[in-house]
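Colleague: Could you walk me through how to read this model, feature by feature?

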Amino acid sequence: MIIPSILSANFAFIGDSIKRIENGGIEAIHVDIMDGHFVPNLTFGPELIRSIKKLTSVSLDVHLMIDNPHSMLKFFIDYGSDWLSIHVESSPHLNKIINNIKKNNRKAGVALNPATSLSSIDEIIEEVDFVLLMSVNPGFEAQNFINSTLKKITKLKEIVLKKNLKVEIEVDGGIGIDNIEKIIDAGADLLVIGSSIFKSADPLESYIKFKEIEEKKRKLNLR
Ligand code: DX5
Ligand code: ZN
């Protein structure tokens with residue numbers, strides 16, 4: 001699945017930006033929540049989730065890049081997040097938070113920064129619906145894809161298959177036309193794309209192009 005990230009949209013026209021690509025058949029929108037502490041940037045709070053929820057029926061994939069995620073979790077759940085990812089580096093009570101998300105019938109994900117090892121999720125992987133692997137240091141759009149992520153994706157895919165889990169692998173940061181196929185081949189299921197969609201001349205056309213590449217690639221890989 002290709003998931004456009006509104007971090008790269010014009011913040012003065014977020015609703016319009018979403019509406020414009022919705023016709024392309026998007027299934028989810030990625031919303032980056034940054035608090036200026038966990039990451040060196042500030043973005044949105046739960047109110048934006050509530051506003052977007054009224055505007056669109058596509059799933060809201062909310063990526064929490066905040067300290068103390070448990071303190072605000074209720075708002076993000078109540079205001080309409082469909083998927084919520086929590087950074088392993090941000091909480092000593094991951095199990096409690098993940099189970100809380102699932103109890104509320106939302107999809108629960110655990111997110112890992114590029115320098116965080118997969119071993120850090122050994123004890124939680126069987127509890128989550130998806131794992132978000134950051135392929136840039138979180139905080140900003142349009143950074144270069146960190147190539148060591150490819151090995152990490154492959155390793156995680158092996159773990160998921162070996163344990164026979166239904167866990168999906170989401171990759172976030174630096175994805176573009178030049179590397180998307182390699183990332184799919186490595187084992188990514190969900191591809192978050194910000195600047196390569198919203199900063200392009202025609203975001204809808206870019207989304208459709210990524211979708212076509214993805215579908216073609218997956219068909220080939222099935223053979
Ligand atoms: C980065 C965010 C990403 C960002 C990706 O901290 O988590 O979701 O939107 O943007 P691109 O695709 O431009 O790297
Ligand atoms: Zn993100």
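Modeller: Gladly! Let's start with burial: a residue is buried under 20% relative accessible area, exposed over 50% and partly exposed in between, with a 1.4 Å probe and protein chains only. Asn164 has 70% relative accessibility, so Asn164 counts as exposed. This is a predicted model, in which local features need pLDDT of at least 70 and side-chain atom pairs count only at pLDDT 80 or more, while totals for chains, interfaces and linings use all residues. Residues are numbered from 1 along each chain as its sequence is written, chains are lettered from A and ligands numbered from 1 in the order in which they are written, and side-chain values use heavy atoms, with hydrogens and water left out.

Colleague: Is Ser17 buried or exposed?

Modeller: Ser17 is buried, since its relative accessible area is 11%. Ser17 belongs to helix H1 (residues 14-22). Ser17 and Leu112 are 95 residues apart in sequence, and their C-alpha atoms are 28 Å apart in space.

Colleague: How many helices and strands are in the protein, and how do I judge its overall size?

Modeller: The protein has eight helices and eight strands. For size, take the radius of gyration over C-alpha atoms and compare it with the globule rule, 2.2 Å times the number of residues to the power 0.38. Here the radius of gyration is 16 Å, close to the 17 Å from the rule for 223 residues, so the protein is as compact as a globular protein of that length. The C-alpha trace spans about 45 × 40 × 30 Å along its principal axes, and 52% of the 223 residues count as buried.

Colleague: Which strands pair with S5, and in what sense?

Modeller: Two strands pair if DSSP finds at least two bridges between them. S5 (residues 107-112) is parallel to S4 (residues 83-87), over five bridges, and to S6 (residues 130-134), over four. Leu84 stands opposite Ala108 in S5, and Ala111 stands opposite Leu132 in S6. Five of the six residues of S5 are buried.

Colleague: How does the chain get from S4 to S5?

Modeller: A crossover is right-handed if, with the strands pointing away from the viewer, the path from the first strand over the helix to the second runs clockwise. The chain goes from S4 through helix H4 (residues 94-103) to S5, and this β-α-β crossover is right-handed.

Colleague: Which residues come nearest to ligand 1?

Modeller: A residue is near if one of its heavy atoms lies within 4 Å. Ser5, Asp32, Gly139, Asp172 and Ser195 come nearest of the 20 residues around ligand 1. A polar side-chain atom of Asp32 is 2.7 Å from an oxygen atom of ligand 1, and a backbone N or O atom of Gly194 lies 2.8 Å from a ligand oxygen atom. The protein covers 100% of the 380 Å² of accessible area that ligand 1 has on its own, by the Shrake-Rupley method with a 1.4 Å probe.

Conventions
Helices (H or I, at least four residues) and strands (E, at least two) are DSSP runs, numbered from the N terminus. A polar contact is a pair of N or O atoms within 3.5 Å; within protein, one must be able to donate a hydrogen and the other to accept it, and residues adjacent in sequence count only if both atoms are side-chain atoms.
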